[in-house]
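Student: I would like to learn how to read a structure like this one, step by step. Could we look at it together?

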Amino acid sequence: MEFRQLKYFVGVVEAGSFTKAAAMLNVAQSALSLHVRQLEEEFGSQLLIRDRSGISVTPSGAKLLERARTILNEIRITKAEMSNTAASGEVTIGIPSGAARVLSGPLLEAVRSELPLVTLKMVEGMTGPLEEWMAAGRFNLAILYRTADAIAGLPILAREDFCLVAPPNLPPFPDVVALSDLHAFPLAVPMRTNNVRRSVADVVAQHGCRLDVRFEVDSLSTIISMVTEGKAYSILTPSAIHKEVQQGLVRMVRIVDPVITRSVVLAVNPKDESSPSVSAVRKLIPGIVRELINSGHWLAKAPTEPASVHP
């Protein structure tokens, strides 16, 4: 039995299918099947049941799953403790409110599991203040938003398309709305200094369109509440409203002709480039984002996928 066989077995179970696990683990599906079959042969017992709906664990598989998770976690902790440059100490990261709604939980859990000697301090806020605080050196790391022409070499974690956020109880409503028709909707949006607001306003202005901005609010929760209560519409990205869409509290309408896209990037404070703890957290984040996108928990495009085009 090999360490990677346990890792692959746990990955398949957690993904719910060999296809999804292959994408998340970046391993060929045939290789995953082979390693699981070798485990079953070694233990002399069937571990997984495969059917059209995916996979499920047998009683033997459930027992191995519990032990394998414990073993993998102990190995991760031991690696960190035995390394001469074991990451330890405090790392502060700034995350915009929208991205935080899908990323903060998985990131905190990953740091707790993978980097037990690191204390992660997370500051959530609107993009304007976060940009200022990062420039002032208050964060070791920051998740930031950028338009295609303002990335400046920063690693791209994901690309998101903006959408019109509408109250739920509306008469028949299209699934898409043209940029030129956005003027028909009274909006609650972030302040003019906000990066999200600028991303949208720039594209709208370039196409000779206009927006009906009724409320400027630098609070994501307040904006979402105004939409759920039917007091306004808004323009946000799916990460900001993922939970409310699932609960039927708001409607998400794609903006087209053109699509408005922004990049989610990861910035590091230059003075922390060589910090083992900052580097360790920095390395975790792209993998977490990939898993969230692959699993459908973050409705965004991976950096390798084609970006939507707009001037």
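Student: Which residues of H5 meet which residues of H10?

Tutor: Contact means heavy atoms within 4.5 Å, and helices (H or I, at least four residues) and strands (E, at least two) are DSSP runs numbered from the N terminus. Here Val102, Leu103, Pro106, Leu107, Ala110, Val111 and Glu114 of H5 meet Val281, Leu284, Ile285, Ile288, Val289 and Leu292 of H10. By class, this contact has twelve nonpolar, no polar and one charged residues, where Ala, Val, Leu, Ile, Met, Phe, Trp, Tyr, Cys and Pro count as nonpolar, Asp, Glu, Lys and Arg as charged, and the others, Gly among them, as polar.

Student: What should I know about the model itself?

Tutor: It is a predicted model, in which local features need pLDDT of at least 70 and side-chain atom pairs count only at pLDDT 80 or more, while totals for chains, interfaces and linings use all residues. Residues are numbered from 1 along each chain as its sequence is written, and side-chain values use heavy atoms, with hydrogens and water left out.

Student: Where is confidence lowest and where is it highest?

Tutor: pLDDT is the predictor's confidence in each residue, from 0 to 100. The protein has a mean pLDDT of 85, with 90% of its residues at 70 or more; confidence is lowest in helix H7 (residues 195-206), at a mean of 74, and highest in strand S3 (residues 89-96), at 94. Over residues 305-311 pLDDT stays under 50.

Student: Is Ala158 buried or exposed?

Tutor: Buried means under 20% relative accessible area, exposed over 50%, and partly exposed in between (1.4 Å probe, protein chains only). Ala158, found in strand S6 (residues 156-161), has a relative accessible area of 0% and is therefore buried. Among the residues that Ala158 touches, leaving aside those up to four places away in sequence, are Arg262, Val289 and Lys301. The C-alpha atoms of Ala158 and Lys301 are separated by 5.6 Å, although these residues lie 143 residues apart along the chain.

Student: Which residues of H9 are buried, and what covers them?

Tutor: In helix H9 (residues 238-246), the buried residues are Pro238, Ser239, Ala240, Ile241, His242 and Glu244. Their cover includes helix H5 (97-114), S6 and helix H8 (220-228). After H9 comes Gly248, whose phi is positive, near 75 degrees.
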